[in-house]
Structure formats: C-alpha cells, structure tokens
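This report concerns the salt bridges of one protein model. Please consider the sequence and structure shown below.

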Amino acid sequence: MPELPEVEALAHHLREHALYRPVARVDVASMSAVKTFDPPMSALVGRVVTGAARYGKFLSVEFGDRPDEPLHLITHLSRAGWLRWHDTAAATPPKPGRGPLELRVHLDAVGGPGFDLTEAGTQKRLSVYLVADPQQVPGIARLGPDALALTRDEFAALLAGRTERIKTLITEQPVISGIGNAYSDEILHTARLSPYATAGRLTAEQVDALYGATRSVLTDAVERSVGQGAAQLKGEKRSGLRVHARTGLPCPVCGDIVREVSFASKSFQYCPGCQTGGKPLADRRLSRLVR
C-alpha cells in the first residue's frame with residue numbers, strides 16, 4: 001500500500017508534470033471507484049491543475065483556477081492502487097471492467113499527457129472523490145495529525161494512557177495519519193520496540209526512540225522517493241526496507257532471522273534480536289496449522 005513517502009512523492013511528481021495543464025477529458029473505467037456524483041467528473045474538463053497535495057495517505061489534485069469554485073480530485077490508492085503518468089494515451093475511451101485502469105485524466109489534449117489511476121488484483125478498493133473541499137471526503141475528515149507534523153510532546157500525548165499494541169496504534173489513521181503496515185514495521189525495528197508493546201506503558205526513553213525513528217524513517221523515505229518517477233517508486237520503497245517483506249532473511253543490523261506474524265488478510269515482520277530480546281512472537285495462524 002502506498003504510504004506517506006510514496007504519496008508525497010506522487011504529489012511532487014504531479015506538481016512537476018501536471019501543473020498549469022488544462023483537463024481535456026476524464027475517462028471513468030470503473031464507476032464503483034468513484035464515490036461522489038455531484039459535481040460529475042466531466043466538471044473537470046477545461047479546468048487547470050494548480051497543485052497537488054497529500055492528506056495522510058490520500059492524494060489530491062487541485063484545480064484552483066476558479067477561486068470561487070475550487071475542485072479537488074482526491075484518491076485513496078488502497079492496497080493495490082497506483083498513479084501512472086503517461087506522455088501519450090489512447091484517445092478511444094476505455095471499456096469499463098477491462099484491465100486495471102480505474103480512471104484516466106487527459107491533459108492539454110485527448111491522447112496527450114496525463115495520468116491513470118490503476119488497481120491490480122480482484123479486490124477493488126481504490127476510491128476517487130471530486131469535491132470542493134477535501135474535508136468533504138470522510139476519510140480525510142477523520143484523519144489525525146500528520147506523522148511528520150507532530151512535536152515530541154504531541155506524539156507522547158497521543159500515546160499516553162492508550163492500551164493498544166504500538167503496532168496497531170501508529171497505523172490508526174484517526175490517531176496518526178500517514179503510516180501504514182510497511183513503515184510501521186520499519187519504525188518499530190529502528191526504535192528496537194516489540195510490535196506488541198503497549199503504547200501507554202512505554203518509558204520516556206522508549207517514546208523518545210519511537211518518535212526519533214518515526215521522523216527518521218519517514219523523512220529518509222521521502223528524500224529517497226521525491227524526484228523518482230512514478231514508475232520507479234515501488235522499487236525504491238522495497239530497496240529501503242530492512243524488515244518489512246523480508247521474512248526469512250537476515251536482519252541487516254544484528255544478523256538474526258526476520259520473522260513474521262500473520263493474520264487473516266495481512267502480516268507484519270520484525271527482528272527478534274533487535275526487538276523482542278531474541279524471543280519469537282506467537283503466530284496464531286502458524287500455531288493452528290501445526291496442531
């Protein structure tokens with residue numbers, strides 16, 4: 001799933017390539033992806049891209065060329081969605097339900113430059129909104145403070161008294177926005193904290209370590225990602241990961257084997273040597289299989 005660094009980089013890419021270009025046409029290839037109906041997507045035709053921004057893990061393309069009627073094309077890419085920039089595109093409107101294309105925006109002229117919103121796989125969860133105000137998108141209205149905007153004291157206040165496992169808490173978007181499964185694994189590994197540690201029971205030193213790791217991991221990932229082409233971002237993300245999606249490989253810090261805990265629809269990775277005093281965490285799915 002694209003998280004804060006990748007969405008920030010996609011916004012940067014759009015600011016570099018789409019700014020001040022008018023919309024020639026919008027092709028909707030999947031009506032189920034579009035979550036708003038007023039205004040319709042056709043209202044973008046003739047409008048000029050004036051910016052691109054990130055709200056947590058939401059990406060917004062801004063059309064502020066008419067200050068009295070601003071529009072924001074907002075997408076949440078979910079687990080398998082992506083934005084793909086193109087210099088040219090087919091002028092023929094796509095057939096709904098064919099392939100991964102969900103929505104295409106033609107800029108300057110039909111068949112010219114622009115971007116596609118795509119989603120791989122069968123679980124279609126990518127969502128698109130066209131609104132006058134980003135706060136009209138329910139997911140944005142519920143967002144907590146941005147992970148990179150928090151001070152150390154604000155960060156500590158969010159953890160105080162909470163009974164959730166720290167892995168769960170820092171990925172809850174109404175608490176802290178922008179962090180997902182992959183970067184939470186990396187943050188906890190850098191902070192040398194167990195994913196199962198209780199948030200409200202962390203010592204002051206552990207809070208310091210977690211706050212520092214959050215800033216360093218996300219900032220480093222943003223710096224690596226911004227300036228990369230949209231097509232290169234996924235590979236850049238994978239190359240910077242130390243434990244996430246590296247089950248069975250040696251930890252680059254201590255050499256212990258990276259372990260995994262699996263749930264019904266997702267999993268997380270950690271290093272026992274760095275994070276849990278050398279003790280593997282219980283993997284309930286695996287335990288059921290070996291009984």
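Is R15 buried or partly exposed? With 32% relative accessibility, R15 is partly exposed, where buried means under 20% relative accessible area, exposed over 50%, and partly exposed in between (1.4 Å probe, protein chains only).

The model is predicted, so that local features need pLDDT of at least 70 and side-chain atom pairs count only at pLDDT 80 or more, while totals for chains, interfaces and linings use all residues. Residues are numbered from 1 along each chain as its sequence is written, and side-chain values use heavy atoms, with hydrogens and water left out.

Twelve salt bridges are present in the structure; the term denotes a side-chain nitrogen of Lys or Arg within 4 Å of a carboxyl oxygen of Asp or Glu. Three of these pairs are listed here.

| Pair | Closest N to O |
|---|---|
| R15 and E8 | 3.8 Å |
| K124 and E102 | 4.0 Å |

E8, the partner of R15, is partly exposed at 22% relative accessibility.

R54 and D146 join distant parts of the chain, 92 residues apart: R54 belongs to strand 2 (residues 51-55), and D146 to the loop between helix 2 (138-141) and helix 3 (152-159). Helices (H or I, at least four residues) and strands (E, at least two) are DSSP runs, numbered from the N terminus. R54 is buried at 17% relative accessibility, and D146 is buried at 18%. A network of salt bridges links E8, R15, R54 and D146.

In the pair of K124 and E102, K124 is partly exposed at 40% relative accessibility, whereas E102 is buried at 4%.
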